[in-house]
Amino acid sequence: FLATALTLLIAACATVVGPDNVAFPTGYGNQLRYATVDRPDNKQVREIFTSEKSAKLVRDGKPIPDGAVFVMPIYAAKADGKGELAKDANGRLVKGELSTIFVMEKRSGWGAGYSDELRNGEWEYARFAPDGQRMASVDTKPCLQCHKPMAKQDFVFSLPRLTGAAK
């Protein structure tokens, strides 16, 4: 009986993995937008936000803190009547309609439920619709696989832009 109870207790405490761990970050637009990325290859404009607190710690040479949230709203790039991507006076793509919002959040213990092949430290990923509703049945395995090679940057592609190292 004791062994069965102990097994059940361990199973109940096991880390649950997946996008349901990540809540929609209301008010992210009031945080620090530290990067805007033009993606003409897929006709998108991406913005990347995080908190001032996380940014300051990283810029001071500290690791990305537990509880950090990075938000990347993705906009369709506007096109002209000929289908050419529209550009502003600075040569940047002009953002159109918001299509989706990707979120990565770091919490202690979140990575424990993943295999070594997929684990991205303590990060989880989620995808939301423009209205903030979680997109159902999103497979985050591609997120984990894509970010995996960025282990030396705590799995964050845009870390050099946040630290100011990117030109």
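Select Ser-158 to start: apart from neighbours within four places in sequence, Ser-158 is in contact (heavy atoms within 4.5 Å) with Tyr-34 and Ile-48. The model is predicted, so local features need pLDDT of at least 70 and side-chain atom pairs count only at pLDDT 80 or more, while totals for chains, interfaces and linings use all residues. Residues are numbered from 1 along each chain as its sequence is written, and side-chain values use heavy atoms, with hydrogens and water left out.

**Around Ser-158**

Ser-158 sits in the loop between α3 and α4. Its relative accessible area is 11%, which means that Ser-158 is buried (buried is under 20% relative accessible area, exposed is over 50%, and partly exposed is in between, with a 1.4 Å probe and protein chains only).

Phe-155 has a positive phi near 70 degrees and is a residue other than glycine. With 9% relative accessibility, Phe-155 counts as buried.

**From Phe-155 to Gly-121**

Gly-121 is the next selection, in the loop between β4 and β5. Leaving aside neighbours within four places in sequence, Gly-121 is in contact with Gly-111 and Phe-155. Gly-121 is partly exposed, at a relative accessible area of 22%.

**Lys-43**

Move to the loop between β1 and β2 and pick Lys-43. Lys-43 is not a glycine, but its phi is positive, about 55 degrees.

**The largest pocket**

The largest pocket has a volume of about 530 Å³. A pocket here is an open set of points on a 1 Å grid over the protein atoms alone, where a 1.4 Å probe fits and protein lies on both sides within 12 Å along at least five of seven lines; lining residues have an atom within 4 Å of a point. Grid points are joined across faces, edges and corners, and the volume is the space filled by probe spheres set on the points.

Select Arg-46, Met-72, Phe-102, His-147 and Phe-157, which are the closest to the pocket centre among its 22 lining residues. At least two lining residues come from each of β1 (32–39), β2 (44–50), β3 (69–77), β4 (95–106), β5 (123–128) and α3 (141–147).

**The cysteines**

Select Cys-143 and Cys-146. The whole structure has zero disulfides (a disulfide is a pair of cysteine sulfur atoms within 2.5 Å). Cys-143 is in none, and the nearest cysteine sulfur, that of Cys-146, is 7.8 Å away. Cys-143 is buried at 18% relative accessible area, whereas Cys-146 is partly exposed at 45%.

**The whole chain**

Zoom out and colour by secondary structure. The protein chain has four helices and five strands, in the order α-β-β-α-β-β-β-α-α from the N terminus. Helices (H or I, at least four residues) and strands (E, at least two) are DSSP runs, numbered from the N terminus. Of the 167 residues, 35% count as buried. Among contacts with a separation of 6 or more, 59% join residues 24 or more positions apart.
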